[in-house]
Amino acid sequence: MIKTDAVIIGAGPAGLFAVHQLGIIGLKAEVIDNLDKIGGQCIELYPDKPIYDIPGIPKCTGETLAKKLIEQIKPFKTKIHLSERVQKIESEGNNWIVETNKGKKFISPNIVIAGGVGSFEPRKFSVKNYERFEDKYLFYYVKNKKIFKNKKIAIFGGGDSALDWALELSKISKVILIHRRSEFRGSKNTLKKIKKLSKSKKIIIKTSFQLESIEGEGKIQSINIKDEDGKIENLKVDNILGFFGLIMQLGPIAEWGLSLNKKHIPVNTENFETEKKGIFAIGDICEYPGKLKLILSGFHEAALAARGCFKRARPDEQYRFEFSTTSKSAHERLGVKKK
Amino acid sequence: MAKITYIDHTGKSKTLDVKNGLTVMEGAVQNNIPGIDADCGGGMACATCHVYVKEEWFNKLSKPEEGEQDMLDVAYEPKKNSRLSCQITVSNEIDGLVVTMPEKQI
């Protein structure tokens, strides 16, 4: 069991700045995020796109903002648990027990939910009964490519994951790349290589097709794909891979007993605490009159929620407001060297 | 102002007056039309405001840009006439537009 002053759910800009605001007032935090990288929507949805409304920074990309925030919280040496999703929250006395899908447990008087619109999960197929093949013959990721050796694989998607895996798996298996339109959004360079391989029939490309149905008992025997005019083609395959990107799903947050309003968690605007004592919500996921879904609002919410956490983490201490410019204790926490 | 008709996947329809300048997505969200989630709030970053536009209207709208097509790749059951409703701006020209929502957005 990991003991900390606050568990932060979500490593997007709001969650990262919460680490800073907690750290500067002397509180320790642990961060958990379902993605395999730090930065939340900034890094997953718009790493290369510019943001123009961060105060003091006229223009920066999502990736740059994430990097800067990571740099800013470096002095606090906060552990960020990636590729883990918080599954369960339970109260124990004045504390909360937080458990992840990988069985990791945390105990803390405070939880700061900075989960954006939920966790990023792969977009799944929408055909009937696809679930029965999931994780056995149908995948949304490749963990061990050896299982595809000498198999016939249908890869669906038009982005980099689909193209990269089509190229890679074509070395050890028969690949059919299927996409709903003729343009691919993945790297042009990879596409060129794939088109070259398709000339020698090493990869078969099928565009303007989508999965219609999967045939087979126990294992996959064949798939039916449908083109834009409704024409159906049957293909014998052993495995199906789908790369349709990640979508945001509220996931287990809905099961933590918090009242929700259209996927958002109502909070007060004094310290962004939810109706449950010690559970705070900041950033895109929280809701209050006048809420703006801006990164800068998330920063403000993080600062106030951190002060709310202080009261519960240090009930016997008096919180003192200080400026980072002049506070000696803040400087110590930030590791500022004395002149 | 334009009349926009939103039809859900069961066939239930609602027609609204939506102000010029708003998007078809905003018209739905502001009037609590279920079936359009718009998780990213109009940033063309999530594909949860996905709608099907009736053919005759589809060709009248300006063509979707590349970024929108890319997002539609990750939408729920995209079709030839798929659009992101956050990318359709309401004007007098689209008075009478009919959009159909997919069975679900995620």
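I took helices (H or I, at least four residues) and strands (E, at least two) as DSSP runs, numbered from the N terminus. Two strands pair if DSSP finds at least two bridges between them.

This is a predicted model, so I kept in mind that local features need pLDDT of at least 70 and side-chain atom pairs pLDDT 80 or more, while totals for chains, interfaces and linings use all residues. Residues are numbered from 1 along each chain as written, and chains are lettered from A and ligands numbered from 1 in written order.

Entry one, the hairpin. I found β16(A) and β17(A) forming a hairpin with 6 residues between them. In the turn, Gly216(A) has a positive phi of about 140°. The strands, residues 209–215 and 222–227, pair antiparallel over 6 bridges. I saw Gln210(A) opposite Lys226(A).

Entry two, the open sheet. Which order do the 5 strands take? I read β6-β3-β2-β10-β22 in chain A, with parallel pairing.

I noted α6 (residues 295–313) of chain A lying across β2, β10 and β22, at about 175° to β22(A). Axes are lines fitted to C-alpha atoms, for helices over the stretch in contact (C-beta atoms, placed from the backbone, within 7 Å), and angles run from 0 to 180 degrees between N-to-C directions.

Entry four, the chains. I found 13 residues of chain B in contact with 18 residues of chain A.

Methods: Contact = placed C-beta atoms within 7 Å.
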